[in-house]
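Here is a walk through one protein model.

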Amino acid sequence: MTRRPHRQAVAAYAANHAETQAATEEFVDLITAIIDDAGINYLSITGRAKSPKSFAGKVALRADELTDPLVEITDQVGVRVITYVQSDIQAVAALLTEQFGVLEDRDLGLEAANEGRFGYASRHLLVSRDKDAHAYDPARCASVQLRTVLQHAWAEFEHDARYKGDVPPEHASDLDRRFTLAAGLLELADREFSLIRDRLQSGLGEVTEVISGDDTLSATDLATFLAGRYAGSGFSRAEHYALSAQLLGELGITSIEQLSEVLATTDSDGTMRAMGYRYPPGAARRLDDDLLASFRERYVDLPGNADRRSTLRGRLQRLPDRHPSDDD
């Protein structure tokens with residue numbers, strides 16, 4: 001039976017659910033902006049505000065151990081980041097650690113491996129907007145799940161099979177064995193995906209041919225050119241290449257040949273050092289930095305950069321005062 005203080009907590013949570021939903025949207029927007037600005041590739045970033053029904057169910061399930069559910073249930077605001085490969089999980093985790101206060105950091109896949117088993121693999125961070133926070137504050141904190149595409153597929157299928165289906169007791173052990181086998185196979189597949197990406201990046205870094213086309217610059221041609229220009233840089237999201245092509249058009253750069261001429265006068269390595277990255281930036285981010293270094297305020301003021309001018313000006317301050325292309 002739910003205790004009266006717990007019933008009051010459930011009622012209070014339901015009454016304030018609109019604020020929880022608003023906080024969730026803000027966290028999704030903030031984390032998306034941080035990861036996008038870092039140039040890290042990902043499949044999706046989504047959020048959910050824990051429903052009053054789910055909150056009440058968790059209170060009932062943990063009734064004996066909870067004294068203050070409103071601060072002890074810490075997944076009221078949830079954000080999920082799904083990347084393509086495991087190394088991007090590590091990069092995102094490092095990035096969020098730089099930007100937020102981290103109250104908890106659990107690598108459930110590593111915990112399973114340390115116990116000599118395969119199973120649920122996901123990195124869970126409990127973060128706070130307050131860098132020096134030491135306690136959970138529902139208005140300032142979020143639970144962030146980091147998974148690869150394959151880890152997400154396993155977790156969703158396993159959840160549906162176990163909690164939304166009727167598994168006869170006599171089949172439970174066989175089901176456990178098969179899920180464990182699948183988890184091990186997916187871990188191997190994740191490693192292979194990482195190796196494939198590394199091999200592709202290494203090979204694309206040898207591209208030297210300048211692509212010729214019509215007098216408009218396509219995102220596809222740009223992506224191929226940048227893979228050769230910035231050897232070893234990570235792939236970027238498709239929409240980032242499209243935005244780069246749009247911004248180049250606003251600068252009057254409509255061909256790979258023109259872009260090559262602009263980049264020939266830039267110190268890309270010096271620009272990257274000035275930015276002080278602690279993680280490998282994607283190719284589109286490298287181009288963004290070089291264009292910022294070359295065109296400076298003109299680049300910041302492009303119509304396509306209207307939503308990120310403040311961020312660009314912050315990055316511009318990291319660059320030396322003068323650049324060879326300043327007088328262009």
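**Confidence, packing and a pocket**

The protein averages a pLDDT of 81, and 73% of the residues score at least 70. pLDDT is the predictor's confidence in each residue, from 0 to 100. Residues 111–119 fall below 50, and this stretch has nine contacts in the model beyond near neighbours in sequence; contact means heavy atoms within 4.5 Å. Residues 204–213 are also below 50, with 16 such contacts. Where pLDDT is low, the predicted coordinates should not be read in detail.

This is a predicted model, so local features need pLDDT of at least 70 and side-chain atom pairs 80 or more, while totals for chains, interfaces and linings use all residues. Residues are numbered from 1 along each chain as its sequence is written, and side-chain values use heavy atoms, leaving out hydrogens and water.

Now the helix pair. Helix α9 (residues 219–229) packs on helix α11 (residues 256–264) at an angle of about 30 degrees, with axes 11 Å apart. Helices are DSSP runs (H or I, at least four residues), numbered from the N terminus. Axes are lines fitted to C-alpha atoms over the stretch in contact, and angles run from 0 to 180 degrees between N-to-C directions. Asp221, Leu222, Phe225 and Arg229 of α9 meet Ile256, Leu259, Ser260 and Leu263 of α11.

Last, the second largest pocket. A pocket is an open set of points on a 1 Å grid where a 1.4 Å probe fits, with protein on both sides within 12 Å along at least five of seven lines; lining residues have an atom within 4 Å of a point. Here 33 residues line the pocket, with Ala33, Asp36, Asp37, Ala38 and Arg285 nearest its centre. Helix α2 gives the largest share, six residues.

Definitions and conventions
Helix = DSSP H or I, 4+ residues; strand = E, 2+ residues; numbered from the N terminus.
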